[in-house]
Amino acid sequence: MRALLLRDLRLAMRAGGGFGLGLCFFLILTVLVPFGIGPDRAGLAPVAPGILWVGALLACLLSLDRIFALDHEDGSLDLLATSPLPLEGVVAIKALAHWLTTGLPLVIAAPVFGLLLQLPLAAMPWLVLSLLLGTPALSVLGAFGAALTVGLRRGGLLMSALVLPLYIPTLIFGAEITRRGAEGAPVAAPIALIAGITLAAAALIPFAAAAALRINLR
Amino acid sequence: MIRLRARDLAVARGGLRVIEGVELDLRAGQALILQGPNGAGKTTLLRTIAGLQPPAAGTIEAPEDSIAYAAHADAVKPTLTVAENLAFWAQVFGGEGSDALARLDLAHLADRPAARLSAGQRRRLGLARLLVTGRPIWALDEPTVSLDRGSVGRFTKILRAHLGQGGIAVIASHLDLDLPAQVLDLDAHRAAPGPVARPSSFNEAFG
């Protein structure tokens with residue numbers, strides 16, 4: 001298990017691995033939005049939580065199809081499926097590796113992007129917290145979509161169509177935490193809900209994704 | 001005692017039976033060579049034996065977690081070095097095999113990124129993986145593709161050593177390997193053309 005995690009991280013870091021891809025996308029989005037909407041605080045601050053969360057979601061989506069597609073193409077997935085590792089564990093580890101290379105950098109860099117969008121300083125901790133709680137769910141749900149479409153050429157579009165509806169609850173509660181944080185309103189309810197979504201996804205999705213992989217490998 | 005048995009085995013590709021009525025009984029030290037024209041179902045049969053897909057009919061008996069499968073694709077990551085590629089699979093399968101690189105004449109390439117290997121060298125790396133899995137039953141799909149004559153000889157020697165240690169090998173190959181092996185001609189087991197079955201995944205979803 002540890003070997004698989006280390007390998008995936010190493011592959012992501014090396015040339016063409018896609019590490020930083022999501023981060024760059026996020027940066028481009030947050031730089032472009034003020035040009036589109038106008039740089040004044042009155043216009044940007046109210047929409048900043050929503051834009052930051054949509055950006056995080058799309059950045060995550062960008063690298064999802066890599067989770068299983070590359071391993072399927074070169075035959076590694078066949079071997080992982082016949083290895084002593086349980087396929088459910090393989091899914092969980094690969095989702096974790098995806099989060100470490102895509103979600104975690106976003107969490108760490110989020111305050112900088114928040115500044116670009118004039119997000120009030122009071123909301124920064126809540127933005128980081130909401131991303132920290134929410135992005136693991138994005139990676140795990142994404143792994144499910146990637147597992148469903150693994151054998152398909154150009155399955156990226158289908159995968160987006162399958163995964164995006166699953167992302168909506170996380171998006172709503174994540175943006176809600178940040179918005180309420182900016183206003184100083186109570187945030188306990190959306191935090192509990194987003195944490196619940198993430199925990200439920202992390203607990204259940206690996207089994208569903210492993211079943212999808214088994215069918216796709218036939 | 002390792003034993004691989006298949007009784008009245010039928011395998012399907014895309015919901016269509018390609019082979020039926022295959023009987024296998026291999027004991028420790030025995031090898032079987034699968035022959036048949038393209039599309040005869042060699043790969044499908046090997047994938048079924050490896051457990052990647054369920055048989056359409058019949059049974060396969062083998063000890064659990066005993067089969068190492070080597071497909072057309074070598075499962076080599078281009079950005080990792082030769083040694084890193086092999087070390088990963090050794091860790092996943094928990095096998096031993098520090099001499100695997102040397103036995104396939106790859107030791108001098110250990111630190112080279114796999115992207116810069118030739119097709120034959122990459123194939124040798126894929127075969128070296130068999131040695132680190134530590135599994136007794138090898139299911140090999142065209143293992144000698146893109147190997148030169150020297151490498152084929154080296155690989156045959158490895159196969160003999162594996163059989164000598166009580167291993168079993170099922171090999172799909174067009175090439176005449178210099179091995180004491182039974183030959184199974186899949187042409188004789190070609191499935192009778194019948195009505196197209198619904199793909200099994202649909203049955204699973206709706207029935």
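Helix α4 of chain B, in this predicted model, covers residues 119–133. The 15 residues of α4(B) reach 22 Å from the first C-alpha to the last, close to the 21 Å expected at 1.5 Å a residue, where the expected span is 1.5 Å times one less than the number of residues. Helices are DSSP runs of H or I with at least four residues, numbered from the N terminus. Because 13 of the 15 residues of α4(B) are buried, the helix is largely enclosed by the rest of the structure. A residue is buried if 20 or more other C-beta atoms lie within 10 Å of its own, exposed if 12 or fewer, and partly exposed in between, with C-beta atoms placed from the backbone. After α4(B) comes G134(B), with a positive phi near 65°.

Residues are numbered from 1 along each chain as its sequence is written, and chains are lettered from A in the order in which they are written. As the model is predicted, local features need pLDDT of at least 70 and side-chain atom pairs count only at pLDDT 80 or more, while totals for chains, interfaces and linings use all residues.

Helix α1 of chain B (residues 42–50) is mostly covered, with eight of its nine residues buried. Among the buried residues of α1(B) are K42(B), R47(B) and I49(B). G51(B) follows α1(B) and has a positive phi near 90°.

Axes are lines fitted to C-alpha atoms, for helices over the stretch in contact, and angles run from 0 to 180 degrees between N-to-C directions.

| Helix pair | Axis distance | Angle |
|---|---|---|
| α2(A) (residues 21–37) and α3(A) (residues 41–62) | within 9 Å | roughly 150° |
| α1(A) and α6(A) (residues 87–116) | 9 Å | about 35° |

The helices α2(A) and α3(A) are therefore roughly antiparallel to each other, a term for angles over 145 degrees. Their crossing is right-handed, meaning that the near helix is turned clockwise from the far one by less than a right angle. The contact includes F25(A), L29(A) and V33(A) of α2(A) and V47(A), I51(A) and L58(A) of α3(A); residues are in contact if their C-beta atoms, placed from the backbone, lie within 7 Å. By class, this contact has 15 nonpolar, four polar and no charged residues. Ala, Val, Leu, Ile, Met, Phe, Trp, Tyr, Cys and Pro count as nonpolar, Asp, Glu, Lys and Arg as charged, and the others, Gly among them, as polar.

The crossing of α1(A) and α6(A) is also right-handed. Residues of this contact include L5(A) and D8(A) of α1(A), together with I93(A) and K94(A) of α6(A). They divide into nine nonpolar, one polar and two charged.

Between the chains, the contact takes 22 residues from chain A and 21 residues from chain B. On the side of chain A that touches chain B, α1 (2–13), α5 (76–82) and α9 (188–217) each supply at least two residues. That side has 10 nonpolar, six polar and six charged residues.

Two loop residues complete the account. G18(A) is found between α1 and α2 of chain A and is partly exposed, with 16 other C-beta atoms within 10 Å. G18(A) and R66(A) are 48 residues apart in sequence, yet their C-alpha atoms are 8.7 Å apart. R116(B) lies in the loop between α3 (100–103) and α4 of chain B and is exposed, with 12 other C-beta atoms within 10 Å.

Methods
Angles under 35 degrees count as roughly parallel, over 145 as roughly antiparallel, 65 to 115 as roughly perpendicular and the rest as oblique. Two residues are in contact if their C-beta atoms, placed from the backbone, lie within 7 Å.
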